[in-house]
Amino acid sequence: MTFLSRIHRAAGILFVLIALTGCATPPEETAAGPQIFDPIEPVNRLVFAMNDTVDIFVLQPTAFVYKTALPDPIQEMVRNFLRWLRSPVVIANSLLQGDTNNAGNATRQFFVNGITVGLIDWGQGEDWAYRDEDFGQTLGVHEVGGGPYLVLPLLGPSNGRDLAGRIVDTFFDPLTYIVSGQGAKNAITISRAGTRAVDFRARNFDQINELKASSLDYYARLRSIYLQRRDAEIRNGEPSGEPLTADGSKDFEDFTPSDRPVSETGELPTKSN
């Protein structure tokens with residue numbers, strides 16, 4: 001697929017998303033804060049059930065072997081390498097958000113950590129520690145609403161804004177242009193996404209299993225956590241002054257994913273500009 005074809009395909013998907021967002025009628029905003037907008041909930045629940053089946057029979061066993069067989073330092077290197085590959089995406093989105101401080105930090109990480117091909121994060125624990133940014137967050141910073149809640153096959157929770165962000169982020173990724181051949185690009189994309197999923201599942205192995213076991217409605221609880229988490233990421237830890245979801249739940253506070261360092265989970269670093 002040529003570069004122009006990729007652009008046309010992405011534009012087509014974006015058009016569908018915009019149309020989907022426009023056709024759906026969001027709930028009326030209330031003083032209680034942002035609402036949960038899930039107009040295709042039956043479809044989402046079906047995809048969610050399929051994803052959960054994949055988790056039970058594929059992802060969970062793989063994550064168990066991964067966290068049991070690999071020493072912690074090796075797992076850390078895998079995680080560092082995946083982050084290092086995302087550095088250009090973080091730099092681009094930080095600049096689009098006007099966050100020059102994080103753009104500078106990500107640039108520093110890219111070059112300094114590049115000495116070890118990203119396997120060692122020299123900025124961990126320092127004031128230039130890694131903080132992820134994506135185009136979904138960039139749109140959120142510029143006050144673009146999330147749109148309808150979506151559950152993507154294999155990829156999990158998302159919404160119209162974040163799905164569009166995923167597509168745009170591929171154009172910020174140098175591997176999109178460096179790697180030649182659609183087969184090689186697909187192999188790299190699948191490998192990266194699969195490794196990230198296994199790493200995330202392994203790091204949150206007990207938390208996710210406990211979440212499943214203790215939830216009366218696992219779908220609704222995960223949806224709430226996703227929306228709260230994305231809201232926190234867009235605000236970079238700055239207090240919103242409003243409930244994170246319409247039900248006022250605090251699931252995100254009870255479930256803090258450990259896919260990011262403490263500085264980005266417990267207390268998100270605030271924007272400096």
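Where is Leu155 found? Leu155 lies in the loop between β1 and β2; helices (H or I, at least four residues) and strands (E, at least two) are DSSP runs, numbered from the N terminus.

Please note that this is a predicted model, in which local features need pLDDT of at least 70 and side-chain atom pairs count only at pLDDT 80 or more, while totals for chains, interfaces and linings use all residues. Residues are numbered from 1 along each chain as its sequence is written, and side-chain values use heavy atoms, with hydrogens and water left out.

Strands β1 (residues 149-152) and β2 (residues 156-159) run antiparallel and are joined by 4 bridges; two strands pair if DSSP finds at least two bridges between them. Leu152 stands opposite Gly156 in β2. Between the strands there are 3 residues, and Leu154 takes a positive phi near 70 degrees.

Leu155 is partly exposed, at 44% relative accessible area; buried means under 20%, exposed over 50%, and partly exposed in between (1.4 Å probe, protein chains only).

I turn now to the interior. A nonpolar core is a set of buried Ala, Val, Leu, Ile, Met, Phe, Trp, Tyr and Cys residues joined through side-chain atoms within 4.5 Å. The largest such core has 12 residues, among them Tyr149, Val151, Leu211 and Leu222. Two or more residues come from each of α2 (41-69), β1, α9 (205-214) and α10 (218-235), and α10 gives the most, with 6 residues. A second, separate core of 5 residues includes Tyr66, Val198, Ala202 and Phe205.
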